[in-house]
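Here is a short briefing on a ligand site and the pockets around it. Start with the structure, then work through the points below.

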Amino acid sequence: MNDCIFCKIINGEIPSSKVYEDDKVYAFLDISQVTKGHTLVIPKEHVKDIYELDETLAADFFARVPKLARALKEAFPDMKGLNLVNNNEALAYQSVFHSHIHLIPRYQEDEGFALKFENNQNKYQQEELSEIANSINQSIK
Ligand code: 5GP
Ligand code: ZN
């Protein structure tokens with residue numbers, strides 16, 4: 001993928017603050033540093049998003065996340081939390097189309113990062129929840 005900025009980072013064509021590298025993944029500081037230590041981990045193989053990951057690549061990719069999480073916590077003892085974020089498609093805020101996981105250390109409640117989880121429990125009856133669950137289940141390949 002010639003025009004992919006994350007492939008260029010992996011290949012050293014664009015500089016990055018490297019955190020970790022092995023044969024399968026590359027991890028580096030996100031240029032935006034939403035919070036101190038905000039890190040991106042990416043598979044070395046170019047895949048656009050979660051839908052393009054096969055099980056083997058996903059296993060390699062996701063397997064690195066816990067040790068990066070532990071490293072962040074050790075490097076920054078004032079960390080009080082960690083959000084993992086994986087955006088897929090533009091509507092869901094994906095802006096670089098080489099799959100990546102954000103590790104966003106949290107130090108306090110009010111900082112550069114927020115997530116909103118609305119509780120819509122009262123809008124669904126059990127029958128409808130069963131239909132939704134079944135339709136997802138029947139689509140699993
Ligand atoms: P997304 O919005 O796709 O989930 O996240 C893409 C992330 O890539 C953004 O947080 C953005 O700051 C980061 N990013 C974009 N271009 C570069 C770059 O050239 N270098 C680094 N280190 N991060 C980048
Ligand atoms: Zn790429």
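Helix H1 gives the largest share of the shell around ligand 1, three residues. The model is predicted. Ligand 1 sits in the largest pocket. Two elements, helix H1 (5–10) and strand S2 (25–29), each give two or more residues to the ligand shell.

**Ligand shell**
- The residues around ligand 1 number 16, and Asp30, Asn87, Tyr93, Ser95 and His102 come nearest.
- By type, the shell divides into nine nonpolar residues, six polar and one charged.

**Polar contacts and cover**
- An N or O atom in the side chain of Asn87 lies 2.9 Å from an oxygen atom of ligand 1.
- The side chain of His100 also has an N or O atom 2.9 Å from a ligand 1 oxygen.
- For Tyr93, a polar backbone atom is 2.8 Å from an oxygen atom of ligand 1.
- On its own, ligand 1 has 520 Å² of accessible area, and the protein covers 82% of it.

**Largest pocket**
- The largest pocket holds about 300 Å³ of space.
- Its lining has 19 residues, with Phe6, Ile9, Phe28, Asp30 and Ile31 closest to the centre.
- H1 and S2 are the elements that give two or more residues to this lining.
- The largest share, three residues, comes from H1.
- Eleven lining residues are nonpolar, seven are polar and one is charged.

**Second largest pocket**
- The volume of the second largest pocket is about 160 Å³.
- Its lining includes Asp30, Asn87, Tyr93 and His102.
- Val34, Val85, Ile104 and Phe113 are also among the residues that line this pocket.
- The lining divides into five nonpolar residues, four polar and one charged.

Definitions and conventions:
Residues are numbered from 1 along each chain as its sequence is written. Chains are lettered from A and ligands numbered from 1 in the order in which they are written. This is a predicted model: local features need pLDDT of at least 70, side-chain atom pairs count only at pLDDT 80 or more; totals for chains, interfaces and linings use all residues. Side-chain values use heavy atoms; hydrogens and water are left out. A residue is near a molecule or strand if one of its heavy atoms lies within 4 Å of it. A polar contact is a pair of N or O atoms within 3.5 Å; within protein, one must be able to donate a hydrogen and the other to accept it, and residues adjacent in sequence count only if both atoms are side-chain atoms. Accessible areas come from the Shrake-Rupley method with a 1.4 Å probe; for residues, only the protein chains shown count as cover. On a 1 Å grid over the protein atoms alone, a cavity is a set of points where a 1.4 Å probe fits but cannot get out, and a pocket is an open set with protein on both sides within 12 Å along at least five of seven lines; lining residues have an atom within 4 Å of a point. A molecule sits in a cavity or pocket if more than half of its atoms lie within 2 Å of its grid points. Helices (H or I, at least four residues) and strands (E, at least two) are DSSP runs, numbered from the N terminus. Ala, Val, Leu, Ile, Met, Phe, Trp, Tyr, Cys and Pro count as nonpolar, Asp, Glu, Lys and Arg as charged, and the others, Gly among them, as polar. Grid points are joined across faces, edges and corners, and a volume is the space filled by probe spheres set on the points.
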